[in-house]
Amino acid sequence: MSIHIAAKPGEIAEAILLPGDPLRAKFIAENFLEKPVCYTQVRNILGYTGLYKGRRVSVQGTGMGIPSISIYAHELFRDYGVQRAIRIGTAGSIRENVRLRDLVLAVSACTDSGVNSIRFGGKSYAPTASFTLLKTAYDIALTRGWDPKAGPIVSSDTFYTEDPDEWKLWAKFGCLALEMECAELYTLAAKYGREALCLLTISDSLITHEQTSAEERQTAFTRMMEVALETAIS
Ligand code: HPA
């Protein structure tokens, strides 16, 4: 076991889905995986391994924000040999053509977080998706007619910002949506020589202040999960 994950060696699959919410991990395991086995409950961050179409896949919560996903991604890559990590989360749209319930594929992640600034001594690193995973997921979503949007996103350290217009600068420079974890996942995957992808469904709009209902979130989430699972095993 590692410091924050109770799994024994070999209990976590090479491919893992990473929702922020541990109860999402439980939901995915119980509804989409065959023979799911819970391998960790430390801090209520639940993790499961099961079979999807006969292939081993794990799914584990990461908590919210860069420090939290950083701890789990570190241990998954370093201590459990995870090869492919696919984050599935929600994001706020900062572009008019990115609408509620849209599926966004994060090609890269800008960030206002201090983590990479500290790590790279003030130099600017460009956290980037695995091209292979990105292409696979994009093609799967296209084939199903789900009009995926691929582009740069922003991983922010603050959900409740002091300046309500802060997002506009990111939008001006081409970013599609705001979330809070992707930059760190991409950076750590690169550090350990692994593959990572972040899939997002748009849960709210910073432009119009609309929000999806719980039911809409569930439907959109199910689509994203299907893309993530198919990508994980391909
Ligand atoms: N900001 C940051 N993270 C988010 C948001 C947001 O508006 N919506 C969903 N995740």
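Is the crossing of α4 and α7 left-handed or right-handed? The crossing of α4 and α7 is right-handed. The model is a predicted one.

## Helix packing

Start with α4 and α7. Their axes come within 9 Å and cross at roughly 130 degrees. Angles of 65 to 115 degrees count as roughly perpendicular and those over 145 as roughly antiparallel. The two helices α4 and α7 are therefore oblique to each other. On the α4 side, the contact uses L133, T136, A137, I140 and A141. On the α7 side, V227, E230 and T231 meet them. By class, the residues of this α4 and α7 contact are five nonpolar, two polar and one charged.

Helix α7 (residues 214-233) also packs on helix α1 (residues 22-32). Here the angle is about 70 degrees, and the axes are 12 Å apart. Helices α1 and α7 are therefore roughly perpendicular to each other. Their crossing is right-handed. From α1, the residues R24, F27, I28 and F32 take part. They meet Q218, F221, T222, M225 and L229 of α7. Six of the residues in the contact of α1 with α7 are nonpolar, two are polar and one is charged.

The pair α2 and α6 has its axes 9 Å apart, at an angle of about 25 degrees. Angles under 35 degrees count as roughly parallel. That label therefore applies to α2 and α6, which are roughly parallel to each other. The crossing of α2 past α6 is right-handed. Helix α2 contributes I66, I69, S70, A73, H74, F77 and R78. Helix α6 contributes A183, E184, L185, L188, A189, K191 and Y192. The contact of α2 with α6 holds nine nonpolar, two polar and three charged residues.

| Helix pair | Angle | Axis separation |
|---|---|---|
| α1 and α7 | about 70 degrees | 12 Å |
| α2 and α6 | about 25 degrees | 9 Å |
| α4 and α7 | roughly 130 degrees | within 9 Å |

## Aromatic pairs

How many aromatic pairs does the count come to? With ring centres within 6.5 Å as the cut-off, the count comes to four aromatic pairs. One of them joins F77 and Y192: the ring centres are 6.2 Å apart and the planes stand at 35 degrees, so the pair is tilted. F77 belongs to helix α2 (residues 66-80) and Y192 to helix α6 (residues 182-192), so the pair ties together parts that are 115 residues apart in sequence. Both F77 and Y192 are buried.

F120 is partly exposed, at a relative accessible area of 29%. Y125 is partly exposed too, at 30%.

## Positive phi in two loops

What is phi of N44 near? The value is near 65 degrees, which is positive in a residue other than glycine. N44 sits in the loop between β2 (34-40) and β3 (47-52). Its relative accessible area is 58%. The cut-off for exposed is over 50%, so N44 is exposed.

D147 has a positive phi of about 45 degrees, although D147 is not a glycine. The loop that holds D147 runs between α4 (131-143) and β7 (149-155). With a relative accessible area of 49%, D147 is partly exposed.

## K26 and its partners

Which residues does K26 touch, not counting those up to four places away in sequence? K26 touches L46 and Y48. K26 itself is placed in helix α1. K26 and L46 are 20 residues apart along the chain, and their C-alpha atoms are separated by 6.8 Å. K26 counts as partly exposed, at 30% relative accessibility.

How values were computed: Residues are numbered from 1 along each chain as its sequence is written. This is a predicted model: local features need pLDDT of at least 70, side-chain atom pairs count only at pLDDT 80 or more; totals for chains, interfaces and linings use all residues. Side-chain values use heavy atoms; hydrogens and water are left out. Axes are lines fitted to C-alpha atoms, for helices over the stretch in contact, and angles run from 0 to 180 degrees between N-to-C directions. Helices (H or I, at least four residues) and strands (E, at least two) are DSSP runs, numbered from the N terminus. A crossing is left-handed if the near helix is turned anticlockwise from the far one by less than a right angle, and right-handed if clockwise. Contact means heavy atoms within 4.5 Å. Ala, Val, Leu, Ile, Met, Phe, Trp, Tyr, Cys and Pro count as nonpolar, Asp, Glu, Lys and Arg as charged, and the others, Gly among them, as polar. Buried means under 20% relative accessible area, exposed over 50%, partly exposed in between (1.4 Å probe, protein chains only). Rings of Phe, Tyr and Trp (its six-membered ring) pair if their centres lie within 6.5 Å; planes under 30 degrees apart count as stacked, over 60 as edge-to-face and the rest as tilted.
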